[in-house]
Amino acid sequence: KNFAPLVERALPYYPDLALTLPPVVEILEWADRQQFDAVHVDTPGPMGLCGWLVAKLLRIPVIGTYHTDFPAYVRSMSGGDFRMTAATSGYVGWFYGQLAAVLSRSQAYHGQLADLGIPDDRIHAAPPCVDAAAFNPRHRDVRIWAGLGVHEPFRLFFCARLSEEKNISFLSSVFRTICAKRRDVALVIAG
């Protein structure tokens, strides 16, 4: 279910990404009609807070996935502003501390969650994975590259959200270095 945001504004320090205020009352009323058994939140942002409120309203558990080190982003994008970083750390620790379980995408994030005060017994591993049946080399169609105008026999593939923190400038620099040594490599970006 998609809800139209009430307000949408550029994030401080990160104008390319919008911070939206969801229609909380509309979401709560809709969720009450659904009578969910559990809520999963994927972000500590406004929609994550909505998920937390839904879980409180329905008296059901809320679990979340921790896959973004927001304090590090804030520290980097604010030029090391200690107060903003500390406030972000405090909020992220509070938010994930409210959850019945937190899924951690890596051992490093498991440690960060512990540093934020999340009890170890509520942190569970959820490593990234791929459906090997759906994404299998037997489905490969080698003609696809020519159809996309990519004729080089070697392809460097980047697949992610195109944003500053993904360090695309570093990728570009590496690709330029490769191109200085060989002409048979293409950079393919999907994002």
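This is a predicted model: local features need pLDDT of at least 70, side-chain atom pairs count only at pLDDT 80 or more; totals for chains, interfaces and linings use all residues.
Helices and strands here are DSSP runs, a helix being of at least four residues and a strand of at least two, and they are numbered from the N terminus.

**First stop: the second largest pocket**

Select α1 (24-34), β3 (39-41) and α2, each of which supplies at least two residues of the lining of the second largest pocket. Of these elements, α2 gives the largest share of that lining, with five residues. To find the middle of the pocket, highlight I27, W30, V39, M47 and G51, which lie nearest its centre among the 16 residues that line it. The volume of this second largest pocket is about 280 Å³, and its lining is made up of ten nonpolar, four polar and two charged residues.

**Second stop: the largest pocket**

Centre the view on L11, L17, L19, G45 and F70, which of the 30 lining residues lie nearest the centre of the largest pocket. The space in this pocket comes to about 950 Å³, and the residues around it divide into 20 nonpolar, seven polar and three charged.

L53 counts as partly exposed because its relative accessible area is 34%, a value between the cut-offs of 20% and 50%. If you also select R161, you will have a pair that is 108 residues apart in sequence and 28 Å apart in space, taken from C-alpha to C-alpha.

Move on to R59, in the loop between α2 and β4, where the residue has a positive phi of about 55 degrees although it is not a glycine. Most residues other than glycine have a negative phi. R59 is exposed, with a relative accessible area of 78%.

**Last stop: a nonpolar patch on the surface**

Finish by selecting L6, V7 and L21, which make a nonpolar surface patch of about 260 Å². L6 sits in the segment before β1 (7-11) and is exposed, with a relative accessible area of 58%.

Conventions. Residues are numbered from 1 along each chain as its sequence is written. Side-chain values use heavy atoms; hydrogens and water are left out. Patches are made of residues with over 30% relative accessible area and no salt bridge: like charges are joined within 9 Å, nonpolar side chains (Val, Leu, Ile, Met, Phe, Trp, Tyr) within 5 Å. Accessible areas come from the Shrake-Rupley method with a 1.4 Å probe; for residues, only the protein chains shown count as cover. A salt bridge is a side-chain nitrogen of Lys or Arg within 4 Å of a carboxyl oxygen of Asp or Glu. Buried means under 20% relative accessible area, exposed over 50%, partly exposed in between (1.4 Å probe, protein chains only). On a 1 Å grid over the protein atoms alone, a cavity is a set of points where a 1.4 Å probe fits but cannot get out, and a pocket is an open set with protein on both sides within 12 Å along at least five of seven lines; lining residues have an atom within 4 Å of a point. Grid points are joined across faces, edges and corners, and a volume is the space filled by probe spheres set on the points. Ala, Val, Leu, Ile, Met, Phe, Trp, Tyr, Cys and Pro count as nonpolar, Asp, Glu, Lys and Arg as charged, and the others, Gly among them, as polar.
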